[in-house]
Amino acid sequence: MKYFIANWKANKNLEESEAYLVLLTQNISANQPILNKLNGGELKIILAPPAPFLPQLKFKIKDIKNIELAAQDISQFEEGAYTGEVTAKTLSGLVNYTIIGHSERREYFKEGEDILFRKAELAKRYKINPIFCIRSSEDKFPPQINLLAYEPVSAIGTGNNENPIEVIKIKDQLKLNPSTAFIYGGSVTQENAKLYLQSGKIDGFLIGQASLDPLQFIGIINHSLT
Ligand code: PGA
């Protein structure tokens with residue numbers, strides 16, 4: 001299974017999000033090779049829009065198998081008097097995935113290991129699969145994580161994607177459980193994506209900038225899988 005995860009971050013309003021979904025679903029429906037891979041369980045497309053749009057977007061993707069939604073983050077609290085927080089409990093039934101520990105959360109919101117491990121535990125409690133992000137082999141991650149995203153800070157949003165050979169070296173250092181999918185993120189584009197998948201050791205991508213345009217996002221999927 002190959003994963004293509006679109007992390008929209010704090011971009012797009014409702015109108016833009018709906019227009020994106022129209023283009024994305026139209027293009028995928030007209031693309032038999034991608035449809036075959038989605039239907040055959042070889043490919044999963046995961047969209048991580050801003051949380052308020054999740055319900056509308058869930059409705060729009062319901063007819064295509066293996067396109068799913070992720071939250072970009074969840075609260076470290078389970079429920080209660082935490083104004084403004086979006087909890088795993090709130091999101092349960094709405095998303096199957098959540099990103100946890102993105103380097104922007106670590107940097108701007110000072111989220112450290114304890115908080116991130118708690119978030120991963122809460123996600124699992126509410127049947128949400130964490131896409132746990134690490135910045136280097138120094139960052140710890142919870143045991144039994146199904147999706148681990150390696151995103152070196154030097155590569156995020158800079159145009160300096162990390163060489164696939166270096167990425168694989170990091171993977172080898174991590175000694176992952178064979179069932180853990182290893183995802184790369186950082187300046188992934190249509191031009192560079194294929195190289196990562198060719199190794200057979202990288203199971204997909206977490207894509208920021210290039211996922212904001214549905215045609216570029218589909219371009220990455222097309223170019224790397226064919
Ligand atoms: P980028 O972002 O693709 O824009 O480098 C990746 C990410 O932050 O997940």
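Tyr184 is buried, at 0% relative accessible area (buried means under 20%, exposed over 50%, partly exposed in between, with a 1.4 Å probe and protein chains only). Tyr196 is also buried, at 0%. The model is predicted: local features need pLDDT of at least 70, side-chain atom pairs count only at pLDDT 80 or more, and totals for chains, interfaces and linings use all residues. Residues are numbered from 1 along each chain as its sequence is written, and side-chain values use heavy atoms, with hydrogens and water left out.

**Aromatic pairs**

The structure holds eight aromatic pairs. Rings of Phe, Tyr and Trp (its six-membered ring) pair if their centres lie within 6.5 Å; planes under 30 degrees apart are stacked, over 60 edge-to-face, and the rest tilted. Two of the pairs are set out here.

| Pair | Centre distance | Plane angle | Type |
|---|---|---|---|
| Phe117 and Phe132 | 6.1 Å | 85° | edge-to-face |
| Tyr184 and Tyr196 | 4.6 Å | 10° | stacked |

Phe117 belongs to helix α6 (residues 113–125) and Phe132 to strand β5 (residues 129–134), so their pair ties together parts 15 residues apart in sequence. Helices (H or I, at least four residues) and strands (E, at least two) are DSSP runs, numbered from the N terminus. Phe117 is partly exposed, at 26% relative accessibility. Phe132 is buried, at 0%.

Tyr184 sits in strand β7 (residues 181–185) and Tyr196 in helix α8 (residues 193–198). Their pair therefore ties together parts 12 residues apart in sequence.

**Charges over rings**

A charge sits over a ring if NZ of Lys or CZ of Arg is within 6 Å of the ring centre and within 35 degrees of the ring normal. The charged end of Lys12 sits over the ring of Trp8, 5.5 Å from its centre. Lys62 lies over the face of Phe59, 4.6 Å from the ring centre.

**The largest pocket**

A pocket is an open set of points on a 1 Å grid where a 1.4 Å probe fits, with protein on both sides within 12 Å along at least five of seven lines; lining residues have an atom within 4 Å of a point. The largest pocket holds about 480 Å³ of space. It is lined by 21 residues, and Lys9, Ala51, Gln72, Asp73 and Arg105 are the closest to its centre. Helix α5 (residues 103–108) gives the largest share of this lining, three residues.

Notes. Grid points are joined across faces, edges and corners, and a volume is the space filled by probe spheres set on the points.
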